[in-house]
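Please keep the model open while going through these notes.

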Amino acid sequence: MAQKRFWILVIIVSISGFSQGMLMPLISVIFEQDGVSSSINGLNATGLYIGTLLIAPFVEQPLRKFGYKPIIIIGGALVFSSLLLFPFWKNVWFWFILRLLIGIGDHSLHYSTQTWITSSAPANRLGKNIAIYGLSFGIGFAVGPFFVPLTKISEAFPFILSSILCLIAWSFIFFVKNEKPEPIQTKENGKMLKRYAVTLKYAWVAFLPPLCYGFLESTLNSLFPVYALRKEIDVSMVSVILAAFSIGGILTQFPLGTLGDKIGRRKVVLMAFLGGSLFFGIGSFLESNSILVAVCFFLAGTFVGSIFSLGISYMSDLTPRELLPTGNLLCSIFFSFGSLSGPLFGGIYLQYVHFSFLLLISIILLLIFTVSAVFGKEQKKEELA
């Protein structure tokens, strides 16, 4: 029963990854071809992450009260119905609202599945299970950009296809028995702000990988297509470049998760930040050759394509079991902050700065590596006692 539930959650997350991987570059390309400015394009992309942040403070209590399954049902329904509404009215602000609703639905779905997996995984399989979770999302996310050229058939077709696939995956949740997180044992941890403070105190360094991955995901998928089109890279090649990053992450997701179990998550996370910074930096000097850029994206993806799942595993190492829902929530919030800042600052950077877009990403990865290496120390959850 536990294995059946795990694989159903994996299927749901993979289709969610597909819809996200398709949606961001799809809308960016449509807006760019319609002459929408890069700053407005980037601002519109933040709708997804604003929705995530709006719902974040309110989702933990319903999860603890009603269990995982109802939250997944509501979140999934919101996602596939919103996707279906995109073709009905092509308007910047209407699409912003739909992305906001998808952000609310996606956060509810991911938060519930993520917490369910981390709470139920045996200690000796935590890294592997989270790696499979991240791998399933990554595969879906990698496939998504390949569907962007379907706009040549019909602009509405990719939205409708994504909605149908989400509906099919969502329906599997009805075959799973509901469960609830472990109840709060410590009286002080019953207070929301206290839970946040305790979790942040001991696991803040584990929230930097989700923050970074959020920035990368939103920036690369919403603004790199704009930058690439201005560099006269073909739309089909843009899809290949974005997919190369995701494929790199897919190939190393499981090995890095297992390596983290063996040598410690901190060492693997630091290695990932440094490697990603290096290859994005190299890519910034090779932009005249789209094939070499795709190679650099692939190599960067092998390092940083799995830092979200590494961050979740790292957080689970540092956080006591009763605070795992709070830790997973904070992972999502930090991911959303990163995702929100990406299109905002990236859009401004594209509009006013004339240096390589990839150089910006390289510098940010290097800064996060430095902060993690200098200030982030290993903490043991026993210290919470």
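1. A definition comes before the ring count. Rings of Phe, Tyr and Trp (its six-membered ring) pair if their centres lie within 6.5 Å. Planes under 30 degrees apart count as stacked, over 60 as edge-to-face, and the rest as tilted. On that basis the structure holds 22 aromatic pairs. Note that this is a predicted model.

2. Take the pair of Tyr 227 and Phe 357. Their centres are 5.6 Å apart, with 35° between the planes. Tyr 227 sits in helix H10 (residues 224–230) and Phe 357 in helix H16 (residues 357–375). The two are 130 residues apart, so the pair links distant parts of the chain. Both Tyr 227 and Phe 357 are buried.

3. Next, Phe 308 and Phe 335. Their ring centres lie 5.3 Å apart and the planes meet at 65°, so this pair is edge-to-face. Phe 308 belongs to helix H14 (residues 307–318), Phe 335 to helix H15 (residues 324–352). The pair therefore ties together parts 27 residues apart in sequence. Phe 308 is buried, and Phe 335 is buried too.

4. Which residues form one aromatic cluster? They are Phe 224, Tyr 227, Phe 245, Phe 280, Phe 297, Tyr 349 and Phe 357.

5. Is Ser 309 buried or exposed? Its relative accessibility is 6%, so Ser 309 counts as buried. Not counting residues up to four places away in sequence, Ser 309 touches Ile 130, Gly 134 and Gln 253.

6. Lys 128 is in helix H6 (residues 126–143). At 29% relative accessibility, Lys 128 counts as partly exposed. Neighbours within four places aside, Lys 128 is in contact with Phe 254, Thr 258 and Asp 261. For a sense of scale, take Ile 363, which is 235 residues from Lys 128 along the chain. The C-alpha atoms of Lys 128 and Ile 363 are separated by 30 Å.

7. Ser 218 lies in helix H9 (residues 208–222). Its relative accessibility is 0%, so Ser 218 counts as buried. A polar atom of the Ser 218 side chain lies 3.3 Å from the backbone oxygen of Phe 215. Beyond four places in sequence, what does Ser 218 contact? The list is Met 24, Tyr 49, Leu 223, Gly 338, Ser 339, Gly 342 and Pro 343.

8. Now the surface. A nonpolar patch of about 1,100 Å² is made by Ile 11, Leu 84, Leu 85, Phe 88, Trp 89, Ile 160, Ile 164, Ile 168, Phe 172, Phe 174 and Phe 175. Helix H4 (68–85) and helix H7 (157–171) are the elements that give two or more residues to the patch. H7 supplies the largest share, three residues.

9. Phe 174 is one of the patch residues. Phe 174 is found in the loop between H7 and helix H8 (192–203). Why does Phe 174 count as partly exposed? Its relative accessible area is 45%, and the class runs between under 20% for buried and over 50% for exposed.

Key: Residues are numbered from 1 along each chain as its sequence is written. This is a predicted model: local features need pLDDT of at least 70, side-chain atom pairs count only at pLDDT 80 or more; totals for chains, interfaces and linings use all residues. Side-chain values use heavy atoms; hydrogens and water are left out. Helices (H or I, at least four residues) and strands (E, at least two) are DSSP runs, numbered from the N terminus. Buried means under 20% relative accessible area, exposed over 50%, partly exposed in between (1.4 Å probe, protein chains only). A polar contact is a pair of N or O atoms within 3.5 Å; within protein, one must be able to donate a hydrogen and the other to accept it, and residues adjacent in sequence count only if both atoms are side-chain atoms. Contact means heavy atoms within 4.5 Å. Patches are made of residues with over 30% relative accessible area and no salt bridge: like charges are joined within 9 Å, nonpolar side chains (Val, Leu, Ile, Met, Phe, Trp, Tyr) within 5 Å. Accessible areas come from the Shrake-Rupley method with a 1.4 Å probe; for residues, only the protein chains shown count as cover. A salt bridge is a side-chain nitrogen of Lys or Arg within 4 Å of a carboxyl oxygen of Asp or Glu.
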